Amino acid sequence: MEVAKDLVPGVDYPRTFQEVDEWFRSDAACREYIRRLRWPGGFICPHCGWTGEPWVTSRRLLHCRGCQGQTSLTAGTIFQDTRKPLRMWFMAMWYVTNQKNGVSALGLQRVLGLSSYETAWTWLHKLRRAMIRPGRDSLCGTVEVDETYVGAVEKGKRGRETETKAIVAVAAEENGKGVGRIRLRHIKDVSGASLLPFVQSAVVPGAVIHTDGWSGYSGLTAAGYKHEVTVVGANPGRSGSCGDATRPQHRNASQAMAARHSSGRRSTCASRLLP
Ligand SMILES: [Zn+2]
């Protein structure tokens, strides 16, 4: 049995357990689903690049007609070398991704009817590792980047000048009118050499980065970001306030941080006091 014709792996995912049961009834159906995930445009031999329909050997290896090389469908996947039916793996995936309150190895063992707790534990950890996407922590979309100074007011210091305060770079994802995920880092100064690596570590390339007109952000476009600058007022930043009347729909990153850490000491807003 093959995956239904109108089913596109990578696009179509089962919505109910009944669909899991129907779609992945046999090992062959599971293998076909994986195969179309790996080669959506048809098989390409990883050894020689030949395209076309491979033979399937008795050991279920894909045999290339170009170079006679053989490829395992599951090599490099979490199913590699498994002795259990793929259908059982697919059910495990369904179970692990559909439990609101977390999954235990014991729960997985029970629901799959596995005789070994150790197998259930190994499967659960394999699945958990597979569910972690690289770069998952990076912010994306439109991200406001700003710096804020934490510490007492310093006499005779203005704007970005500081001797005793800690400078914290802030990146805040915009989420409608609110704020999404936030990344913070203590940086030694507000130069491009400090700010740019912070942005690169916190935000995916190509994202929209919103900043004020500070020169430390001038390298963002060259680094592959879409850089949007909002110059703060006609007399930039002398307002001395975190509130930013020129960005009515826009909570700035420092405010976002203050909101998230409202129980702690409120940061000063020197970054709005441009020198
Ligand atoms: Zn080949």
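Among contacts in the chain between residues at least 6 apart in sequence, what percentage join residues at least 24 apart? Let's find out, and then work through some exercises on this predicted model.

The share is 48%. For an overview, the chain contains seven helices and eight strands, and 25% of its 275 residues count as buried.

**Exercise 1. Describe how helices α2 and α3 pack.**

Step 1. Recall that two packed helices are described by the angle between their axes and the distance between the axes.

Step 2. Locate the pair: α2 covers residues 27–38 and α3 covers residues 86–97. Their angle is about 65°, and the axes lie 8 Å apart.

Step 3. Look at who meets whom. Asp-27, Cys-30 and Arg-31 of α2 meet Leu-86, Arg-87 and Phe-90 of α3. Sorted by class, this contact has three nonpolar and three charged residues, with no polar ones.

**Exercise 2. Work out the strand order of the open sheet and find which strands stand at its edges.**

Step 1. Five strands make up the sheet, in the order β6-β5-β4-β7-β8, with mixed pairing.

Step 2. Read off the two ends. β6 (178–187) and β8 (226–229) each have a single partner strand, so one side of each has no neighbour in the sheet. On average, neighbouring strands here are turned by 25° against each other, ignoring direction.

Step 3. Zoom in on one pair. β5 (residues 166–175) and β6 run antiparallel and are joined by eight bridges. For example, Val-168 has His-186 in β6 as its bridge partner.

**Exercise 3. Decide whether Cys-48 is buried or exposed, and name what it touches.**

Step 1. Find Cys-48 in the loop between α2 and β1 (55–56).

Step 2. Count neighbours. Cys-48 has 12 C-beta neighbours inside 10 Å, so it counts as exposed; the cut-off for exposed is 12 or fewer.

Step 3. Leaving out residues up to four places away in sequence, Cys-48 touches Cys-64, Gly-66, Cys-67 and Gly-69. Cys-48 and Gly-66 are 18 residues apart along the chain, with 7.3 Å between their C-alpha atoms.

How values were computed
Residues numbered from 1 in each chain as written. Predicted model: local features only at pLDDT ≥ 70, side-chain atom pairs only at ≥ 80, totals over all residues. Axes fitted to C-alpha atoms, helices over the stretch in contact; angles between N-to-C directions. Helix = DSSP H or I, 4+ residues; strand = E, 2+ residues; numbered from the N terminus. Contact = placed C-beta atoms within 7 Å. Nonpolar A, V, L, I, M, F, W, Y, C, P; charged D, E, K, R; others polar. Pairing = 2+ DSSP bridges. Buried ≥ 20, exposed ≤ 12 C-beta atoms within 10 Å, placed from the backbone.
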